[in-house]
Amino acid sequence: MLSLLDERICETNTKWRVQLDDGCAVEAVLYRQDSLCISSQVGCAVGCPFCASGAHGFGRQLSADELIAQVVAVRERGRSVARVTVSGVGEPLHNHDNVARCLAWCRSEGLGMSLTTSGGPLDRLRAWMRLPHRGLTISVHAGTEAARARMVPRGPKLAPLFDTLGEELRTLSGARKRKIAAAYLIIEGVNDTEEEVDAFIDLVRPLDVKVHVYSHNAVPTSELHGVSEDRYRALAGRVRAAGMNVRMSSLARTQPNGGCGTLVALRGPRARPRLGAPA
Ligand code: SF4
């Protein structure tokens, strides 16, 4: 089914190449010894310009068995997995049925499962907001449609996305609502102005959800880069000062072997280059 190769350990993370039977490969990362990030597709069609995962477009869906096998393979290495997040290579809502099967399997194993999505298709976002996940993070990354189009080119526009979020959140219990978060990854020259961040605050504040403000991890497939640490802290502080519940990038999420947007995919047949090497 698949094998884990090229184990790379760095501070809090262990990353593997997930070699698939047809020669394609993706990556999986174990964060802090017990949180496993798995991939849902070979490549990604959304095309976020800061992200290595979709730099070469979409290859194919991972089957439900391939999603589950990533967890099984890590356990077979003697590593414990307490929770699973579908936040690696791929847009999980573009592979809805298989990711939903993986969620059912995780629950049968007593594992909580979370996911990160660019938000589309919106009917699937509605469905996922009601499913028994342990966390759904929506990658917003903008306050205006212009910045959204640059950051998440083939994700839903902000207006329909926030209409959908507003409608669905009204139907959720407080406990389920607390599992939803909006993410803002800061990229210099794209979405790093006070005006852009304020527009994001205006969109998100009425939803009363958590906000993740991420710093950027450099990837060899993109010339985009993040802002200085001081600027990052200042912009995250601006969101917090607006009364929002803000989480910043953890150490695990800024490591070179597993930071947001750093996981890569290779298409078959029998791709040989080391993942993470410059394209
Ligand atoms: S950030 Fe997520 S949605 Fe965007 S290209 Fe990367 S994997 Fe796809």
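View 1. In S2, Arg17 is the bridge partner of Leu5. Here, as in every view below, we're looking at a predicted model. The two strands, S1 and S2 (residues 13-20), run antiparallel and share seven bridges.

**View 2. The S2–S3 hairpin.** S2 and S3 are antiparallel as well, joined by seven bridges. One spot to look at is Lys15, which stands opposite Val29 in S3. Four residues separate the two strands of this hairpin, and Gly23 in the turn shows a positive phi of about 95°.

**View 3. Strand S3, buried or exposed?** Seven of the seven residues in S3 (residues 25-31) are buried, so the strand is largely enclosed by the rest of the structure. In a regular strand, side chains alternate between the two faces of the sheet. Both faces of S3 are covered: Ala25, Glu27, Val29 and Tyr31 are buried on one side, and Val26, Ala28 and Leu30 on the other.

**View 4. From S3 on to S4.** The next hairpin has three residues between S3 and S4, and Arg32 takes a positive phi near 50° there. Strand S4 (residues 35-38) runs antiparallel to S3, with three bridges between them. Tyr31 finds its bridge partner in Ser35 of S4.

**View 5. Around the ligand.** The residues surrounding the ligand are Cys44, Val46, Gly47, Cys48, Cys51, Ser53, Gly54, Val89, Gly90, Glu91, Ser118 and Gly261. By type, this shell divides into five nonpolar, six polar and one charged.

**View 6. Thr171 in its loop.** Thr171 lies between helix H5 (158-169) and helix H6 (174-177). Thr171 counts as exposed because it has 11 C-beta neighbours inside 10 Å. Arg130 is 41 residues away from Thr171 in sequence, yet their C-alpha atoms are 9.1 Å apart.

**View 7. The protein as a whole.** Eight helices and twelve strands make up the secondary structure. The C-alpha atoms fill a box of roughly 45 × 40 × 30 Å along the principal axes. A compact globule of 279 residues would have a radius of gyration near 19 Å, and the 18 Å found here agrees with that. Of those 279 residues, 48% count as buried.

Methods
Residues are numbered from 1 along each chain as its sequence is written. This is a predicted model: local features need pLDDT of at least 70, side-chain atom pairs count only at pLDDT 80 or more; totals for chains, interfaces and linings use all residues. Two strands pair if DSSP finds at least two bridges between them. A residue is near a molecule or strand if its C-beta atom, placed from the backbone, lies within 6 Å of it. Ala, Val, Leu, Ile, Met, Phe, Trp, Tyr, Cys and Pro count as nonpolar, Asp, Glu, Lys and Arg as charged, and the others, Gly among them, as polar. The radius of gyration is taken over C-alpha atoms; the globule rule is 2.2 Å times the number of residues to the power 0.38. A residue is buried if 20 or more other C-beta atoms lie within 10 Å of its own, exposed if 12 or fewer, and partly exposed in between; C-beta atoms are placed from the backbone.
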